[in-house]
Amino acid sequence: ADDVTLQLKWVTQAQFAGYYVALENGYYADEDLNVTIKPGGPDIAPVQVLMGGGADVMIDWMPSALAAREQGAPVVNIAQPFKSSGMMLTCRKDTGITGPADFPGKTLGVWFFGNEYPFLSWMSTLGIGTDGGDDGVTVLKQGFNVDPILQGQADCVSTMTYNEYWQIIDAGLTADDLVTFKYEDQGVATLEDGLYVIEERLDDPAFVDQMTRFVRASMKGWKWAEENPEKAAMIVLDNDETGAQTEHHQIRMMGEIAKLTAGSNGALDPADYERTVSTLMSGGSDPVITAVPEGAWTHVITDAALN
Amino acid sequence: MTWIVFALVSWAVGYWANYKLANSALRQTRLVKLAVPMIFGVTVMAVWEGMVRGLDVPHVILPPPSAIAERFAGSLPVLWVDFVQTFVKGALSGYVIGCGAAFLVAVLIDRSPFLQRGLLPVGNFIAALPIVGTAPILVMWFGFDWQSKAAVVVAMVFFPVLVNTVQGLTATDRMQRDLMATYSASYWQTLTKLRLPAAMPAVFNGLKIATTLALIGAIVAEFFGSPIKGMGFRISTEVGKLGLDMVWAEITVAALAGSAFYGAVALLEKGVTFWHPSQRG
Amino acid sequence: MRSFLPILTVVTAIVVFWYGAAVWMNAKWAQDQAVRAGVELSIPELVADTWSQERPRLPAPHQVVVELWNTTADMALQGRAMSKRSLIFHGWITLSATLLGFVMGTGAGILLAVGIVYYRVMDMSVMPWAIASQTIPILAIAPMIIVVLNSVGIQGLIPKAIISAYLSFFPVVVGMVKGLRSPSSDQLDLLRTYNATPNATFWKLRLPSSTPYLFTSLKIGMAASLVGAIVGELPTGAVRGLGARMLTGSYYGQTIQIWSALFAAAILAAILVGAIGLAERSILKRMGMSQ
Amino acid sequence: MRNAPVIEAKDLNLTFETNDGPVHALKGVTLTIDKGDFVSFIGPSGCGKTTFLRVVAALEHPTAGSITVNGMSPDDARRRRAYGYVFQAAGLYPWRSIRDNIRLPLEIMGFPKSEQDTQIDRVLDLVDLRGFGKKFPWQLSGGMQQRASIARALAFDANLLLMDEPFGALDEIVRDHLNEQLLHLWGSTDKTIGFVTHSIPEAVYLSTKIVVMSPRPGRITDVIESTLPRERPLDIRDTPEFLEIAHRVREGLRAGHAYDDE
Amino acid sequence: MRNAPVIEAKDLNLTFETNDGPVHALKGVTLTIDKGDFVSFIGPSGCGKTTFLRVVAALEHPTAGSITVNGMSPDDARRRRAYGYVFQAAGLYPWRSIRDNIRLPLEIMGFPKSEQDTQIDRVLDLVDLRGFGKKFPWQLSGGMQQRASIARALAFDANLLLMDEPFGALDEIVRDHLNEQLLHLWGSTDKTIGFVTHSIPEAVYLSTKIVVMSPRPGRITDVIESTLPRERPLDIRDTPEFLEIAHRVREGLRAGHAYDDE
Ligand SMILES: Nc1ncnc2c1ncn2[C@@H]1O[C@H](COP(=O)(O)OP(=O)(O)OP(=O)(O)O)[C@@H](O)[C@H]1O
Ligand SMILES: Nc1ncnc2c1ncn2[C@@H]1O[C@H](COP(=O)(O)OP(=O)(O)OP(=O)(O)O)[C@@H](O)[C@H]1O
Ligand SMILES: Cc1ncc(C[n+]2csc(CCO)c2C)c(N)n1
Ligand SMILES: [Mg+2]
Ligand SMILES: [Mg+2]
């Protein structure tokens with residue numbers, strides 16, 4: 001069997017259910033693959049791991065993948081299981097925020113580490129400065145949890161539809177206490193969890209073949225997970241070595257994730273790609289990428305895998 | 001290949017130069033004392049540059065010193081803003097508060113052996129709490145700006161300084177104390193004229209340890225939430241953007257600032273404890 | 001033993017203060033919740049609530065103790081000591097990296113100290129850089145170390161141990177340089193009158209007289225190793241170990257979990273440092289160096 | 001004024017409790033020291049000389065018996081700053097210059113600044129250290145340090161001087177010189193001095209009264225009143241009278257001495 | 001064998017470079033020590049006694065002049081382990097028992113284990129410390145420690161013994177006792193001894209030759225050949241001959257003494 005190592009972008013959770021399902025249900029084995037899944041975390045730049053040879057394929061968000069490409073790390077999108085973005089800004093209603101027009105003067109929590117780009121282009125399309133002041137917003141580099149909104153240190157925080165939002169709910173606030181702004185609705189959505197490899201390795205037919213089988217099995221895993229959310233969540237839990245995840249939360253997350261993968265057969269939709277690129281290039285004074293990337297994606301793998 | 005040869009040659013030359021200098025008749029001069037570590041540092045840089053280029057290490061993994069220097073020179077305003085945020089506001093204020101509080105507490109509990117016997121083991125236990133764990137908690141408590149960084153620094157430096165000061169306050173010998181007793185000196189007289197001066201070498205030991213802790217604490221705490229400036233903020237975001245040259249530029253600032261801070265405290269120590277055998281050379 | 005009562009007093013004082021602080025820090029949330037639910041909290045209800053929240057700003061001591069018990073002793077009793085939810089399991093992971101890192105760090109530290117004491121070149125060139133190395137934020141370069149080692153095929157325990165060694169070598173260098181230089185010029189002159197070789201001087205004078213310094217450094221080094229192992233756990237995906245528990249606790253706002261992992265780490269440190277202290281006592285006693 | 005008792009000890013006992021059992025440092029010590037006396041204590045190591053001086057200075061407290069200093073308890077006497085104490089080692093504070101070391105008791109006792117300086121100048125002259133006031137202790141030889149510590153004890157002009165082997169670390173010539181100076185000071189001021197030494201000639205040369213002690217338990221075995229005049233040139237040490245007293249002291253010492261442990 | 005020179009120093013100079021300028025520790029020192037001599041060095045603090053002994057032991061090197069030990073350079077002599085050195089402080093290693101402290105030079109010089117033990121037993125007897133071999137230094141009194149350090153220097157039976165104020169810290173009675181023992185050892189073995197002391201009676205009692213030194217710069221001001229017999233009971237110290245020599249030494253000392261700083 002061929003060894004393949006997959007580097008995740010975040011810790012083991014239902015966000016990556018498809019891959020764990022493919023592993024546990026033997027879809028990878030059926031394709032004669034021996035897959036290792038490496039969890040990620042806030043200190044891990046998947047691109048670095050890929051470049052360092054620690055993984056063959058990684059899951060990343062397109063903004064940071066394209067930024068890395070400009071920095072001289074030639075990564076290529078080979079598949080895009082996530083069709084829509086799950087990112088949103090969640091605000092407390094009692095701050096008086098009802099729409100983007102109310103943002104000036106407020107404090108917003110944003111994830112950095114490559115996740116700040118969509119936010120920055122959103123603000124620049126709104127014409128709101130990000131350096132504080134009365135007509136700009138004060139930006140905080142948000143940690144890995146939702147404390148800032150619970151503790152009242154921020155008026156809004158970044159959340160994912162499938163995770164942090166529910167943590168706020170679990171903590172005791174209700175949906176009625178909150179206002180959410182989905183990036184999809186704001187027209188600044190960028191592509192999230194896609195599969196990326198190093199460009200030059202695609203010159204090797206054996207590697208292309210491995211990836212083809214890998215993507216095929218992974219997509220099979222995703223479809224199974226969408227249809228069996230509870231079982232998929234349990235598989236994820238079994239693979240969580242930290243022992244920190246709860247069943248309830250993972251089942252719910254799986255349900256939300258299914259909404260994001262729905263509509264993707266795994267192949268990247270060039271229109272989504274174009275939209276992501278134009279969002280990133282409009283990033284105000286300091287755009288994420290300065291030139292339209294060339295060859296940042298390929299359909300070679302998905303074409304082969306999905307036929 | 002030429003780069004690898006360059007690295008090896010630099011290493012050989014640097015080593016040879018230092019060997020000659022360190023064993024020369026001039027080795028006691030101030031110039032040589034400065035030159036030797038400098039040459040060592042330059043040699044390390046040259047070997048690094050040569051190896052990175054020679055072995056074709058991708059820049060997103062380890063940039064060569066030349067790229068770091070270039071980035072450093074080109075980003076001075078940003079580096080300065082980060083430095084002020086992290087070092088001046090976070091580390092320095094935390095250092096002053098933490099060391100000051102530790103010193104005061106040490107003097108206060110000094111009168112009660114009971115408290116000392118109870119507080120020191122507990123203090124050592126609390127000091128063993130890994131900072132990485134306390135940083136997110138303190139960020140939650142004290143907010144995102146420099147106050148939480150200062151709090152982390154306070155937590156980090158408090159116990160080393162406390163323990164050293166308490167220990168230092170016991171550093172008098174019996175005869176020195178008896179002398180005070182023969183003068184029927186009061187507690188405060190004994191404290192200010194005997195025990196505090198005698199404690200200074202130990203206190204400075206703590207203060208020196210605390211300098212390196214302070215900077216690390218402030219930077220690490222920024223990983224757990226910060227405004228959009230600061231050395232830790234920059235490092236963590238630039239890693240995400242694979243701006244490794246910027247990351248190393250910040251690390252350089254940290255190393256420079258940390259060493260200078262340490263050096264300043266060491267200088268102060270020299271002034272205050274000039275009388276101690278270790279300072280008399 | 002004579003320290004028992006003072007420690008008990010201090011601990012009691014801390015616990016009382018802690019309970020008070022828990023009320024103070026968690027009250028706002030309790031009140032907010034009450035307002036949202038449209039109920040009025042009496043004082044006892046408020047206090048009870050602040051001591052039993054699921055995600056408190058500051059968990060009450062008993063919450064931490066219960067969590068610690070549930071994830072250690074209770075699991076061990078059920079025979080699941082090595083389950084992923086058991087702190088014993090995670091503690092063991094951290095412990096193994098700590099011990100390996102400690103051995104590597106102290107080994108390197110002692111060698112470096114010997115080099116500094118015996119070779120003037122090293123003495124003059126290395127020390128400033130050793131100090132500078134400690135001002136580098138380890139959390140920033142830990143991921144790079146992991147990635148670089150990964151690219152040469154080293155992963156698992158070793159990278160974590162290397163980070164932990166990086167943190168522990170410095171106190172050992174400083175302490176041992178001091179220790180190896182502690183023999184007085186009289187003691188050194190004595191050996192010169194015997195025309196002793198540098199080798200004999202090391203084994204018969206410098207090493208034995210540095211023993212007290214060695215143990216002090218070992219204690220600091222051990223605590224530093226533990227911190228290093230925990231830091232090293234974060235960029236490896238933070239999947240196992242006490243560091244991972246703290247981090248995932250932090251992702252999900254599980255303050256109780258953070259606190260219990262913190263205490264587990266501190267207890268581990270206390271045990272390790274205590275063990276060195278015991279060794280120190282018996283060895284120094286055998287060497288006749290403690291009165 | 002002469003002959004009013006400055007120190008009056010009756011049946012003094014002092015036992016230290018140690019891990020190896022009790023140590024009888026003083027046993028049944030009865031002694032009267034009159035105003036203007038120069039009393040030397042001599043005896044083998046560990047016989048309790050230092051301990052006795054410390055009891056007088058209220059640095060230790062007897063487990064039995066009674067002692068008065070200037071008619072009051074040693075603690076009260078200490079509070080009135082009745083005595084100056086010179087320790088065996090100089091014990092100067094290394095962070096203070098010689099002047100400031102001598103200033104220390106004056107600061108503590110609240111002398112006005114101007115008087116501090118006159119006193120310091122006076123005692124620096126007395127011990128031949130004028131010009132060294134600005135130096136730090138470690139910049140001086142052992143003998144000079146010892147003289148500075150004597151100056152420190154003299155600075156506040158107490159009437160009782162307790163000196164514990166003050167010249168132990170000095171060479172014979174310097175010692176002779178300081179002995180002469182001390183005699184001179186004593187002769188010209190009317191101070192009472194308690195003086196511990198290991199040297200028989202020193203004891204005989206200086207004292208009006210020599211107390212010979214023996215150890216385990218620390219007892220007084222002999223009190224020898226000196227027949228020498230108060231005025232003593234250095235070569236008095238070659239007179240038969242001197243040698244006679246020295247001989248008596250040596251005999252007393254040897255009697256109390258055990259070789260198995262010294 | 002007698003009278004072959006063991007140490008021959010010609011016009012020895014030694015200058016230390018210090019921050020405050022050069023210190024002339026030895027200046028034009030010329031001295032011959034014959035086999036079997038017992039030579040005492042006496043002089044005020046800082047006159048270069050220790051420095052001279054250290055030059056002989058090749059622990060310092062002269063800046064001018066020549067010196068031979070057993071006809072070779074001090075360094076060569078050291079390499080042949082020609083001498084035993086007793087330092088002013090006992091300097092026992094606290095982590096070694098008394099036996100093991102005495103064993104130290106034997107280990108370093110590579111004596112076989114069995115011989116080590118016989119030698120240790122021999123010297124322990126010699127200094128009256130049999131039965132204390134297993135103790136650690138801090139379990140012994142100062143005098144016993146000093147004797148152990150002498151035993152250590154005697155263990156490998158060097159023909160030249162250099163002793164730097166070995167009895168400085170002891171009380172007079174113990175000192176007398178050890179003086180007797182040392183004379184006895186010297187009389188029974190034919191060793192050559194270089195001995196530094198501050199005590200005039202000690203120097204006169206022990207030596208065949210007394211070297212009086214004076215400081216700044218360190219010079220030899222007098223060399224006094226003793227007329228006392230080799231066999232010396234303790235009470236020889238009361239004889240006029242003894243007092244006469246002692247007087248001469250004292251005069252020599254006083255001449256070279258400067259009071260401003262000792
Ligand atoms: N604090 C103490 N605890 C226990 N034992 C003590 C203490 N101080 C002194 N001793 C013991 O009391 C005895 C008398 O001691 P002291 O110091 O008075 O002797 P000394 O005559 O001054 O001797 P030396 O000439 O060596 O100074 C000794 O056996 C000593 O060990
Ligand atoms: N390593 C050194 N560096 C500089 N000066 C030194 C050094 N060793 C000794 N001296 C100086 O050389 C002189 C002679 O010193 P030495 O130790 O030989 O005197 P000494 O006669 O043994 O005195 P003491 O009786 O106090 O032991 C002194 O002035 C001393 O300060
Ligand atoms: C440092 C860091 N912070 C936030 C994110 C954003 N993010 C992307 S996926 C994901 C998981 C959602 O449950 C989160 C939080 C990140 N990638 N890295
Ligand atoms: Mg005494
Ligand atoms: Mg000397």
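**Ground rules.** I am working with a predicted model, in which local features need pLDDT of at least 70, side-chain atom pairs count only at pLDDT 80 or more, and totals for chains, interfaces and linings use all residues. Residues are numbered from 1 along each chain as its sequence is written, chains are lettered from A and ligands numbered from 1 in the order in which they are written, and side-chain values use heavy atoms, with hydrogens and water left out.

**Entry 1: ligand 1.** I began by asking which residues are the closest to ligand 1.

A polar side-chain atom of Thr50(D) sits 2.5 Å from an oxygen atom of ligand 1. For the side chain of Lys49(D), I noted an N or O atom 2.9 Å from a ligand oxygen. Gly48(D) takes part through a backbone N or O atom, 3.0 Å from an oxygen atom of ligand 1. On its own the ligand has 630 Å² of accessible area, and the protein covers 70% of that (Shrake-Rupley method, 1.4 Å probe).

Strand E1 (5–18), strand E2 (21–34) and helix H1 (49–56) of chain D each give two or more residues to the shell. H1(D) has the largest share, with three residues. Helices (H or I) are DSSP runs of at least four residues and strands (E) of at least two, numbered from the N terminus. By type, I have four nonpolar, seven polar and three charged residues; Asp, Glu, Lys and Arg count as charged, Ala, Val, Leu, Ile, Met, Phe, Trp, Tyr, Cys and Pro as nonpolar, and the others, Gly among them, as polar.

**Entry 2: ligand 2.** Here I found 13 surrounding residues, the closest being Ser45(E), Gly46(E), Lys49(E), Thr50(E) and Thr51(E). A polar side-chain atom of Thr51(E) lies 2.4 Å from a ligand oxygen, and one of Lys49(E) lies 2.8 Å from an oxygen atom of ligand 2. H1(E) supplies three residues, the largest share of the shell.

**Entry 3: chain B.** I have domain 1 at 2–57 and domain 2 at 72–279, bounds that come from an automatic or database assignment. Their C-alpha centres lie 33 Å apart. An unreviewed UniProt entry lists transmembrane regions that include 202–226 and 246–268 of chain B. I checked how helical they are: residues 246–268 are 100% helix, and 202–226 are 84% helix and 4% strand.

**Entry 4: the disulfide.** How many disulfides does the whole structure hold? I get one over all chains, taking a pair of cysteine sulfur atoms within 2.5 Å. The partners are Cys91(A) and Cys156(A), with sulfur atoms 2.2 Å apart. The S-S torsion of Cys91(A) and Cys156(A) is about 105 degrees, so I record the disulfide as right-handed. Cys91(A) is in strand E5 (residues 87–92) and Cys156(A) in strand E8 (residues 156–160), 65 residues apart.

Key. Near = heavy atom within 4 Å. Polar contact = N/O pair within 3.5 Å; in protein donor to acceptor, adjacent residues only side chain to side chain. UniProt positions renumbered as here; feature names shortened; annotations may be inferred.
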